[in-house]
Amino acid sequence: MYKRYQGNSGRMEWVEEHAAPQPFPMPPPPPPFPPPPERPGFLSNLLGRFLPGLQEGLETEDLLLLLILYLLYRESGDTELLILLGAMLLL
């Protein structure tokens, strides 16, 4: 048995211990959100207009690598970097 006090009245009553009350049933988890539709970025659209032969869209990593290769070519003038840039566009 244990004592249970009633609010601010100061009254106490003895309560016998019963089986633990069952907790409220948990609601089912909400369904996950569907993934957002993939939209090609601005740079992919721009390159797609100039290079319609690209079958797959370029990812961000590919665009960054192409930008780095172009900037290295522009700074050094080395034609091998230009060849690498063209090979990256073909692959």
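1. Helices (H or I, at least four residues) and strands (E, at least two) are DSSP runs, numbered from the N terminus. Y70 lies in helix α2.

2. This is a predicted model, in which local features need pLDDT of at least 70 and side-chain atom pairs count only at pLDDT 80 or more, while totals for chains, interfaces and linings use all residues. Residues are numbered from 1 along each chain as its sequence is written, and side-chain values use heavy atoms, with hydrogens and water left out.

3. The protein chain has 3 helices and 2 strands. Along the sequence, their pattern is β-β-α-α-α.

4. Of the 91 residues in the protein chain, 9% are buried (buried is under 20% relative accessible area, exposed is over 50%, partly exposed is in between; 1.4 Å probe, protein chains only). The accessible surface of the protein chain is about 8900 Å², and carbon and sulfur atoms hold 63% of that surface. Accessible areas come from the Shrake-Rupley method with a 1.4 Å probe; for residues, only the protein chains shown count as cover.

5. Among contacts in the protein chain with a separation of 6 or more, 7% are between residues 24 or more positions apart. Contact means heavy atoms within 4.5 Å.

6. How do the axes of α2 and α3 cross? The axes of helix α2 (residues 60-76) and helix α3 (residues 79-90) come within 8 Å, and the crossing angle is roughly 160°. Axes are lines fitted to C-alpha atoms, for helices over the stretch in contact, with angles running from 0 to 180 degrees between N-to-C directions. The two helices, α2 and α3, are therefore roughly antiparallel to each other (angles over 145 degrees count as roughly antiparallel, under 35 as roughly parallel, 65 to 115 as roughly perpendicular, and the rest as oblique).

7. The α2 and α3 crossing is left-handed, meaning that the near helix is turned anticlockwise from the far one by less than a right angle. On the α2 side, the contact is made by L65, L66, L69, Y70, L72, Y73 and S76; on the α3 side, by T79, L81, L82, L84, L85, M88 and L89. By class, this contact of α2 with α3 has 12 nonpolar residues, 2 polar and no charged ones (Ala, Val, Leu, Ile, Met, Phe, Trp, Tyr, Cys and Pro count as nonpolar; Asp, Glu, Lys and Arg as charged; the others, Gly among them, as polar).

8. Y70 is partly exposed, at 37% relative accessible area. L84 lies in helix α3 and is also partly exposed, at 46%. C-alpha to C-alpha, Y70 and L84 are 9.4 Å apart in space and 14 residues apart in sequence.

9. E17 lies in the loop between β2 (11-15) and α1 (42-50). Is E17 buried or exposed? E17 counts as exposed, at 58% relative accessibility. Not counting residues up to four places away in sequence, E17 touches M1 and Y2. E17 and Y2 are 15 residues apart in sequence and 7.4 Å apart in space, C-alpha to C-alpha.
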